[in-house]
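User: I would like to go through the terms used for this structure and see what each of them rests on. Please set each value against its definition.

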Amino acid sequence: MRYRLTFVAGVVLGYVLGTKAGRERYEQMKRSAQQFTQNPAVRNTAETAAQQGRDFADKAYHAVSDKVGDRMPDSVAQRVHALRDRTAHAPAEDDWGTSNT
């Protein structure tokens with residue numbers, strides 16, 4: 001899916017840069033892209049994907065730190081425990097400024 005999106009983005013960029021249609025066609029494409037990104041279904045899907053990514057990253061972090069935490073040097077193990085404590089008491093907002101809803 002990522003490669004398909006990259007390809008489509010490349011085609012659109014190539015068209016915009018190589019077109020002879022001028023500013024009017026560019027503005028029309030820009031409006032279409034803005035309408036697409038403002039669509040509630042698209043926004044909900046993007047937020048859901050972001051939340052699933054955060055959940056997966058959290059599970060992976062805990063799985064890895066649980067398995068290798070005992071075999072790490074003390075300085076690294078202390079850092080992992082500090083991060084684990086921080087995430088356990090973290091507010092509902094992450095470091096990126098988005099909500100975890």
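Analyst: Phe7 counts as exposed because its relative accessibility is 58%, and exposed means over 50% relative accessible area, buried under 20% and partly exposed in between (1.4 Å probe, protein chains only). This is a predicted model, in which local features need pLDDT of at least 70, side-chain atom pairs count only at pLDDT 80 or more, and totals for chains, interfaces and linings use all residues. Residues are numbered from 1 along each chain as its sequence is written, and side-chain values use heavy atoms, with hydrogens and water left out.

User: What makes the nonpolar surface patch of Phe7, Val8, Val11 and Val12 a patch?

Analyst: Patches are made of residues with over 30% relative accessible area and no salt bridge, and nonpolar side chains (Val, Leu, Ile, Met, Phe, Trp, Tyr) are joined within 5 Å, like charges within 9 Å. Phe7, Val8, Val11 and Val12 make such a patch of about 360 Å², and Phe7 itself lies in helix α1, residues 2-18.

User: Why are α1 and α2 called roughly antiparallel?

Analyst: The axes of α1 and helix α2 (residues 23-38) cross at roughly 155° and come within 9 Å. Angles over 145 degrees count as roughly antiparallel, under 35 as roughly parallel, 65 to 115 as roughly perpendicular and the rest as oblique, so the pair is roughly antiparallel. Their contact (heavy atoms within 4.5 Å) is made by Val12, Tyr15 and Val16 of α1 with Arg25, Tyr26 and Met29 of α2.

User: How do you know that Arg54 and Glu47 meet in a salt bridge?

Analyst: A salt bridge is a side-chain nitrogen of Lys or Arg within 4 Å of a carboxyl oxygen of Asp or Glu, and for Arg54 and Glu47 the N to O value is 3.1 Å. By this rule the count comes to 1 salt bridge.

User: Why are Arg54 and Glu47 called partly exposed?

Analyst: Arg54 has a relative accessible area of 22% and Glu47 one of 30%, so both values fall between the 20% and 50% cut-offs.

Notes: Accessible areas come from the Shrake-Rupley method with a 1.4 Å probe; for residues, only the protein chains shown count as cover. Helices (H or I, at least four residues) and strands (E, at least two) are DSSP runs, numbered from the N terminus. Axes are lines fitted to C-alpha atoms, for helices over the stretch in contact, and angles run from 0 to 180 degrees between N-to-C directions.
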